[in-house]
Amino acid sequence: MKTRYKLAGMLTALLLVVVGIFSLSSNVSAAGEGKITGTVKLTGTPPHAKTIDMSKDPVCQKAHAGDPAKVETVVAGADGGLANVVVYISEGYSGGATAATNPVSIDQKGCMYQPHVVAVDVNQPMKVVNSDQTTHNIHPLPAPGAGNTGWNKSQPPGSAPFDVTWKAEEIAIPVKCNIHPWMHGYIAVVKGPYGTSDDKGSYTIDNVPPGSYTLTAWQEDLGKQTAKVTVAAGKPGTADFTFKAK
Amino acid sequence: MHDMSAQAVHHHAPPTGFIRKYVFSLDHKVIGKQYYGLALLAVFIGMVLSWLMRIHLGWTNAAIPGLQWLSSSGAPGGVMTPEYYLELMTMHGTLMVFFVLTTAPFAAFGNYFLPIQVGAEDMPFPHFNMMSFWVTFVAFCVTVSSFFVGDGPPLAGWTSYAPLSAVGAVAGPGQGTGQVLWAAGIAIFCVGQLLGSLNFISTTLDMRCKGMSLWRLPLTAWAWFITSLMGLTAFAVLMPACILLILDHVAGTSFFVASNLVINDQLQPHSGGSTLLWQHLFWFFGHPEVYIAIVPGMGVVSHVLISAMRRPMLSHRVLIYSMLALAFLSYMVYGHHMFVSGMNPISSVAFSFPTLAITIPSTIIVLIWIGSLYGSRLRINSASLFALGFVSMFVSGGVSGFFLAQPSLDIMLHATYFVVGHFHLVMAVAAIFGIFAGTYYWFPKVTGRMMNETLGKVHFWFSFVGAYCIFMPFHYLGMAGNVRRYSAFVDDFMQPLIPVHKFITIAALVTGAAQFIFLYNLIYSRFKGAPAPQNPWEATSLEWTIPSPPPFDNFGGKLPVVYHDPYQYGVESSTGDYVMQDSPEKIQSVRDEA
Amino acid sequence: MRIAHNAIFLCGMVLSLGMTMATAQNAGTSSGYPTPKGDFTPAEQRGHGLYLRYCFECHGVAGDGEGDTAPFIDPKPRNFTLAVFKCRSTPTGTLPLDKDLEDTIERGIVHSNMPSWRPLRQEDRADLVAYIKTFSARWKTEKPGEPIKIPAEPAVTADRIKDGQAVFKRVECWKCHGVEGRANGPSADTLTDDQGRPIKPFNFHDSDRFKCGSTDQDMYRDFMTGLDGTPMPSFADNIKPDEAWDLVFYLRTLQPPASVNKKEKEIAKQLGLKPINPNAPAQSDSNQQQNNQPQSK
Amino acid sequence: MRRAFAATSHFKGQIIMAKIFAVTIILIAIGSAIPILRHTWVAPPDISTHGAQIDEQMSETMAEAGISFLAAQIILALFIWRYSSRRKDEKIRTFPGGATGLVAAAVILVGLEVMALGAFGVKAWAKVYFTPPGPNAMPVQAQAGQFAFYFRYPGPDGKFGPIHPDKIDEGTQNFYGLDTSNDPDAKDDVVTAELGVPVNREIHLLMHSKDLGHSFYVRELRVQQDFVPGLDVSLHFTATKTGKYEIVCTQLCGLGHYNMKAYLDVMSQEDFDKWMKEQAANQ
């Protein structure tokens with residue numbers, strides 16, 4: 001059973017790599033051609049964000065002296081902008097990996113994951129950084145059989161950042177630190193261009209070749225939404241999403 | 001005692017050809033040497049691991065140069081990660097306990113000298129004997145292979161407490177493949193030791209030469225006999241336990257995993273298992289294992305001391321009875337490892353008294369050693385120095401048992417460095433000193449060359465003082481509540497203790513380095529040492545009646561006949577102040593003063 | 001000889017290596033419970049494992065109360081296939097709430113071989129209940145009854161105790177439990193449970209603890225729900241809540257002195273309470289035979 | 001027959017070596033006793049009601065162990081000193097009384113002494129484990145998980161809500177898997193990251209393991225007890241001095257074991273009430 005999954009995973013990975021190589025050459029011209037912008041909003045009252053008690057580890061507590069850290073399950077801005085929403089092209093995108101050159105990074109800072117949700121392209125290098133003066137262990141838990149294998153590595157303070165890549169599309173891989181149980185984040189492995197909403201709720205997807213697509217916006221707690229969008233040469237497409245608070 | 005000298009014909013001819021002679025040899029002497037080599041390899045690896053651990057404990061965030069090449073993921077940039085520390089710790093314990101303390105004093109020396117000391121040509125089952133070594137070797141390979149498979153060796157410690165060791169990779173790095181390899185390796189190791197024990201028992205009971213009654217066996221032979229009795233029962237418990245552990249991993253059973261465990265936010269699909277069951281099974285093996293490691297040492301030390309003191313022990317038989325008592329009690333005390341484990345507190349009390357009772361046979365043994373020194377003509381050489389060092393170490397480690405045998409004090413001391421100091425002194429260091437004593441004592445017999453005394457004495461001084469510098473402070477750390485198995489000391493109350501750790505680390509590095517003197521001495525003397533006479537120590541037991549190194553069939557086809565108790569020293573005879581066991585000359589023999 | 005030996009030896013090596021490699025392959029990945037049999041939910045599946053560890057020796061693998069130790073146990077282990085339970089908060093004849101069963105497992109049943117499983121964890125007990133419910137189809141077809149209401153406990157007074165004694169007489173508790181609650185009533189020896197096995201009524205002079213809990217509320221509940229599967233009926237229809245409390249207080253007076261019934265015993269002493277006389281008309285129980293007072297135990 | 005030990009120069013050498021050895025043993029023995037006598041490294045002062053007995057037992061055992069240790073080492077050293085310099089012609093003498101005396105000494109002096117010690121030690125053990133918690137002990141549930149402790153107070157209704165393992169989600173701070181929307185008992189449960197207790201109030205600690213084996217060790221409280229997955233172990237203690245103390249895990253539970261800790265905060269009753277209010281507000 002398991003081995004079949006592994007096999008499938010490896011095959012997909014192989015396929016993706018091949019496609020990637022092709023698309024890279026073809027995308028060089030297409031790069032920067034079109035983009036998609038929009039905002040994600042939250043209606044209704046956002047849930048009460050519990051404060052996190054970090055008294056277990058003085059280092060963490062010191063990092064948040066004054067304003068204690070809050071749970072980041074749903075982070076809504078003042079004007080209802082919803083942050084940490086991953087927007088990606090779920091249908092209609094033919095190309096392979098894009099922008100695989102610029103590495104995204106997930107930083108362990110103040111015993112929280114920054115960013116809380118990191119989106120990364122298949123096979124795009126993801127840098128894991130530990131800026132704290134305490135040891136973290138970063139422990140992604142991909143769904144079995146989805147093609148990504150989980151691992152669990154400690155990062156003592158001052159140890160070098162390391163790069164990882166993900167083989168298969170998976171939205172989203174929960175990642176946690178066992179040493180600091182409150183630390184939770186998500187790694188959204190998408191195929192093709194993507195954007196992540198900032199705390200105002202606005203996002204941008206670059207490097208989209210002209211065409212019409214189906215966008216999907218994913219929020220860790222509120223689920224997924226889709227929208228259709230068309231991108232013409234020189235004219236960016238726009239798509240807005242609205243999530244309803246539970 | 002039926003006469004075996006009549007059919008004094010070897011039941012397998014001397015092998016020709018390299019493989020049969022040195023690799024798959026049936027000769028108990030070669031197998032003994034193979035065991036010794038395996039132990040040397042294991043102890044070397046184990047020592048390097050302990051070095052790395054000590055450096056990390058002393059200077060936690062320091063980069064150890066070159067470590068990143070040993071394991072890029074375990075030590076990015078040479079800075080050891082917590083899981084890598086625990087992995088090293090697990091492998092250190094496993095290698096040392098199983099592949100050094102069990103194989104060297106018991107399997108290695110026993111294989112070589114038990115048949116000679118009972119006056120036999122070989123073990124009764126040479127094939128089993130050879131198989132026991134090679135199975136052990138496979139076990140070694142399997143265990144060590146966990147370094148190179150999956151995400152490294154297990155981090156559950158050499159005790160591999162369930163459910164950490166039973167739930168699989170979800171519990172942490174190394175808990176998947178590594179843990180299974182560990183369990184498989186140990187299960188295989190048990191098979192090897194079971195075969196070996198069978199051989200030892202039957203050798204002692206059936207292969208004794210004419211006149212060699214049980215009471216005329218040297219103390220070493222008795223020690224190996226008692227040890228093999230323990231091994232037969234203890235390893236027979238550990239092996240199934242390891243198999244059940246593997247089943248929990250790969251077959252999805254739930255022997256050791258309770259229900260409703262949520263690990264990494266994942267509800268585990270196990271149910272109905274008992275986590276304490278593993279501890280019971282493991283320690284039912286684990287405590288006899290301690291005596292499997294130390295009793296052969298006691299035998300060797302007594303043997304060496306006697307020929308150095310030029311007199312028999314005050315009482316041959318009381319010593320043997322005491323060792324038997326140790327072996328027997330060791331099965332009724334395993335619960336003292338589990339006082340605060342959640343076991344019924346009443347059983348903790350029940351286990352505490354047999355544990356305290358163990359001090360009685362131990363004290364008898366020590367007192368007889370010391371009492372026999374009285375009025376003796378003590379000869380000081382590397383062997384006897386290490387033997388006396390053994391006595392000192394055994395006492396130092398033993399008294400801390402007073403504390404750990406009491407559940408009320410275990411509340412404070414359990415799982416602290418006090419325990420580490422205790423078992424390292426009484427089990428590890430003492431047993432290793434026994435191995436050294438035996439090596440210096442028997443090397444001339446095995447190789448036909450003397451070891452270099454000067455190097456031996458230098459080696460002793462470094463080891464003796466070093467061992468105390470390393471392991472005495474552990475007790476103080478423990479009393480201050482320094483918890484063991486920590487890869488770094490982040491708790492406030494442990495900060496003042498870190499200098500002690502630094503001191504221990506330096507002591508460990510020096511002492512470890514000094515062991516290379518021994519290694520050099522071993523190799524150098526093997527080829528360049530002064531030629532050894534047949535009986536350099538003027539000893540009486542049978543191994544000194546044959547040439548060194550002994551011929552293939554030990555006694556040249558004519559089995560010896562024994563006329564005396566093993567240790568006839570301090571008597572007037574033609575050869576001096578001692579009489580060989582097989583010399584027919586009539587003497588006023590030294591009686592047991594029991 | 002040597003050939004044979006080599007064969008054995010090589011087999012040993014190959015086997016051990018093979019085993020190791022094979023295990024190493026699956027290590028850590030397939031760790032889990034065997035695929036659920038039938039249509040078990042995860043909770044039932046976990047309960048199954050727990051049942052096979054703790055319960056089946058008495059209650060039987062099939063849950064029919066015919067475990068290996070059952071022949072030597074009295075009272076007999078519960079037969080789960082009937083889905084009939086003594087200790088419920090629901091009216092007689094109905095299924096109990098899960099809570100009732102969890103409480104029974106946690107509390108254990110005094111005067112029987114059912115121990116208290118308090119050391120087990122609450123969530124494990126819940127799983128056990130989930131599994132026990134798979135033994136009978138009743139749980140699929142029926143719903144648990146509406147739990148009975150237990151009104152606030154009134155203060156104990158002399159009158160209440162007298163009234164309680166009257167109730168004791170009226171609803172003929174004494175037929176089984178005896179006029180002094182010594183389990184020596186006229187029909188005490190003829191009692192059988194639903195399976196036709198002989199069963200004894202409770203002797204109030206034995207202990208202050210009951211099968212289904214020892215508080216006054218528990219006693220009240222026992223009257224109103226009855227203990228299904230035993231001859232103890234439900235009096236929900238012919239005892240008013242107030243009377244039930246009276247009965248509780250009266251029965252307390254029969255029990256050996258303990259912290260729970262100190263008050264009742266005192267009042268009874270002051271009253272000089274005498275055992276009832278079943279034959280006398282309902283009003284005057286006062287002038288009856290003086291022999292052995294309830295307290296004289 | 002070769003006389004390996006006849007050469008006198010060699011003989012002198014070994015006498016000196018033996019005497020150095022004897023001195024070394026004595027020095028080491030005394031040296032290792034000094035830190036104990038000077039209390040260089042000792043457990044912190046006890047803040048519990050049961051700890052005094054444990055400390056007493058500890059010091060008694062220390063005295064006995066220390067005496068046997070020093071006696072054995074020093075006698076060993078003296079014998080080495082004395083009898084390594086005897087010549088070949090000197091007669092072998094046996095210890096007065098022979099083995100019988102020594103066995104008697106071992107059994108009577110050491111054996112019985114140690115057994116008696118153990119018997120007394122049981123009192124301290126019984127004080128912790130054989131006495132049930134008092135009727136008005138304050139129940140607190142401690143949950144251990146990789147790699148942190150979390151504590152639960154029943155709240156005003158005095159009842160702990162049931163635990164639903166499938167609802168446990170550390171990301172949303174639901175460490176106990178409580179279902180506050182459905183379980184009335186769980187609504188007012190207070191879950192905290194540090195163990196706040198009122199001083200001089202008996203605490204009934206219900207120990208619950210979420211995942212693996214852990215342990216609850218507070219040196220100042222003289223308390224250590226493992227968490228057993230699948231069993232709820234219960235423990236009770238009374239803290240008599242206010243302050244913050246470290247709770248550490250002593251049962252190897254994975255890579256973060258060394259960093260698994262929490263704080264025991266012993267507060268005056270009013271501070272505790274205030275603290276409890278704050279915690280309840282943040283649920």
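**Entry 1**

I began with strand S3 (residues 104-109) of chain A, which pairs with strand S6 (residues 126-130) of chain A in the parallel sense over 5 bridges. This is a predicted model, and I read every entry below with that in mind.

Next I placed the pair in its sheet. The sheet is open and has 4 strands, in the order S4-S3-S6-S9 (chain A). Its pairing is mixed. Which strands stand at the edges? I found strand S4 (112-114) and strand S9 (162-164) of chain A there. Each has a single partner strand, so one side of each lacks a neighbour in the sheet. I noted an average twist of 25 degrees from one strand to the next.

**Entry 1: chain A, the five-stranded sheet**

I then turned to an open sheet of 5 strands in chain A. I read its order as S5-S11-S10-S7-S8 (chain A), again with mixed pairing. The edges belong to strand S5 (117-121) and strand S8 (153-155) of chain A. I see a single partner strand for each, so each has one side without a neighbour in the sheet. For this sheet, too, I noted a twist averaging 25 degrees from one strand to the next.

One bridge I checked joins A:Val120 to A:Val189 in S11(A).

**Entry 2: chain D on its own**

I counted 5 helices and 10 strands in chain D.

I looked up burial next: 46% of the 283 residues of chain D count as buried. I also checked contacts in chain D between residues at least 6 apart in sequence. Of these, 72% join residues at least 24 apart.

**Entry 3: the domains of chain D**

The domain assignment gives chain D a domain 1 (8-86 + 96-129) and a domain 2 (138-281). How far apart do the C-alpha centres of the two domains lie? I read 41 Å. In the contact I found 9 residues of domain 1 of chain D and 10 residues of domain 2 of chain D. The domain 1 side divides into 4 nonpolar, 4 polar and 1 charged.

**Entry 4: what touches chain D**

I took chain A first. Its contact with chain D uses 17 residues from chain A and 19 residues from chain D. On the chain A side I listed 5 nonpolar, 8 polar and 4 charged residues.

Then I took chain B. Here 99 residues of chain B are in contact with 96 residues of chain D. Which elements of chain B each supply at least two residues of that side? I noted several helices, among them helix H4 (82-117), helix H8 (275-309), helix H12 (382-404) and helix H15 (453-479) of chain B. Strand S1 (262-263) of chain B is also one of the contributors. By class, I recorded 60 nonpolar, 27 polar and 12 charged residues on the side of chain B that touches chain D.

Technical notes:
Residues numbered from 1 in each chain as written. Chains lettered and ligands numbered in written order. Predicted model: local features only at pLDDT ≥ 70, side-chain atom pairs only at ≥ 80, totals over all residues. Domains from an automatic or database assignment. Contact = placed C-beta atoms within 7 Å. Nonpolar A, V, L, I, M, F, W, Y, C, P; charged D, E, K, R; others polar. Pairing = 2+ DSSP bridges. Axes fitted to C-alpha atoms, helices over the stretch in contact; angles between N-to-C directions. Buried ≥ 20, exposed ≤ 12 C-beta atoms within 10 Å, placed from the backbone.
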